[in-house]
Amino acid sequence: MKELYTNIVQAKNENSKLLAILLDPEKLLISDVKNLCKKINESPATHIFIGGSTYNGNHLDGLIKEIKQCVDLPLFLFPGDYKQISAEADAILFLSLLSGRNADYLIEHQVNAVPVLEKTKLEIIPTGYLLIESGIETAVERVSNTKPLDRNNINYVCQTAKAGELLGNKLIYLEAGSGAKLAVSLEMIEQVAQSIQIPLIVGGGIRSKKEINDAFNAGADMVVIGTAFENDNTFFELC
Ligand code: 1GP
């Protein structure tokens, strides 16, 4: 097993919770990074994720290089598609959108990513990605042209997560979508966590320290915070 994934599994086994800050390259200038790094270094974050549903710019390598100069946390690509792959990161969440039935996001983008990935030393972590209905249409839903899973049909979400594990994914990501009105319910987190053995990531619409802790207590191994920190980089001080 590769090191960064092993660390996540180890954290799960020790019940030591992980927190990722999600940075959207579309909303981040290289000149913003220094100030941002200070805030990240003062926060309880254990990981940085970078990526976005609609980014197609050309400053991703530069951004990551700059971030890596001032933050010493593992930096994972969380790509909207295969064009968002940078060799400068440490690892990539190699996502398959298991909640949807759009073959492009189940396998086509992954096939196209192979020649790019082969030129990098990125640690590749296969991740079953499940978009859950969250009260509004999110960017992932729009861009992937898929419907999220019914937030009330917990059994089906558990079954989908388990299928993801049986297919060989190493992580399951329960996603309400960036800026979601409703985060994934605690009941769903609890039941999915009990259905699978692999680590569980939860994100989308989480906006307070209490919500982070509730997600952890329900069984999330890692929580992802994007919008709350993006809107207010003192978020972790106020928590
Ligand atoms: C989105 O799960 C992440 O992919 C984070 O969501 O921006 O709502 O925190 P937020």
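1. D24 is buried, with a relative accessible area of 15%; buried here means under 20% relative accessible area, exposed over 50%, and partly exposed in between (1.4 Å probe, protein chains only). The residue is found in the loop between β1 and α2 (33–42). Helices (H or I, at least four residues) and strands (E, at least two) are DSSP runs, numbered from the N terminus. A polar atom of the D24 side chain lies 3.0 Å from the backbone nitrogen of E26. Leaving out residues up to four places away in sequence, D24 touches G51, G52 and E230, where contact means heavy atoms within 4.5 Å.

2. On the basis of these values: this is a predicted model, in which local features need pLDDT of at least 70 and side-chain atom pairs count only at pLDDT 80 or more, while totals for chains, interfaces and linings use all residues. Residues are numbered from 1 along each chain as its sequence is written, and side-chain values use heavy atoms, with hydrogens and water left out.

3. The largest nonpolar core holds 84 residues, of which F49, L174 and I225 touch the most other members. Strand β1 (residues 18–23) gives the most to this core, with six residues. Such a core is a set of buried Ala, Val, Leu, Ile, Met, Phe, Trp, Tyr and Cys residues joined through side-chain atoms within 4.5 Å. Beyond four places in sequence, L174 touches L130, I132, V157, V184, M188, I189, V192, L200, I201, V202 and G203.

4. Rings of Phe, Tyr and Trp (its six-membered ring) pair if their centres lie within 6.5 Å; planes under 30 degrees apart count as stacked, over 60 as edge-to-face and the rest as tilted. F49 and F76 form a stacked pair, 5.7 Å centre to centre with 15° between the planes. This pair links distant parts of the chain, with F49 in strand β2 (residues 47–50) and F76 in strand β3 (residues 75–77), 27 residues apart. F49 is buried at 0% relative accessibility, and F76 is buried with a relative accessible area of 0%.

5. F78 and Y129 form an edge-to-face pair, 5.8 Å centre to centre with 75° between the planes. F78 lies in the loop between β3 and β4 (91–97) and Y129 in strand β5 (residues 123–131), so the pair ties together parts that are 51 residues apart in sequence. Ring pairs link F49, F76, F78, Y129 and Y173 into a cluster.

6. L75, in strand β3, is buried with a relative accessible area of 1%. Leaving aside neighbours within four places in sequence, L75 is in contact with I48, I50, I64, I67, K68, A89, D90 and A91. The C-alpha atoms of L75 and L22 are separated by 9.9 Å, the two residues being 53 residues apart along the chain.

Methods
A polar contact is a pair of N or O atoms within 3.5 Å; within protein, one must be able to donate a hydrogen and the other to accept it, and residues adjacent in sequence count only if both atoms are side-chain atoms.
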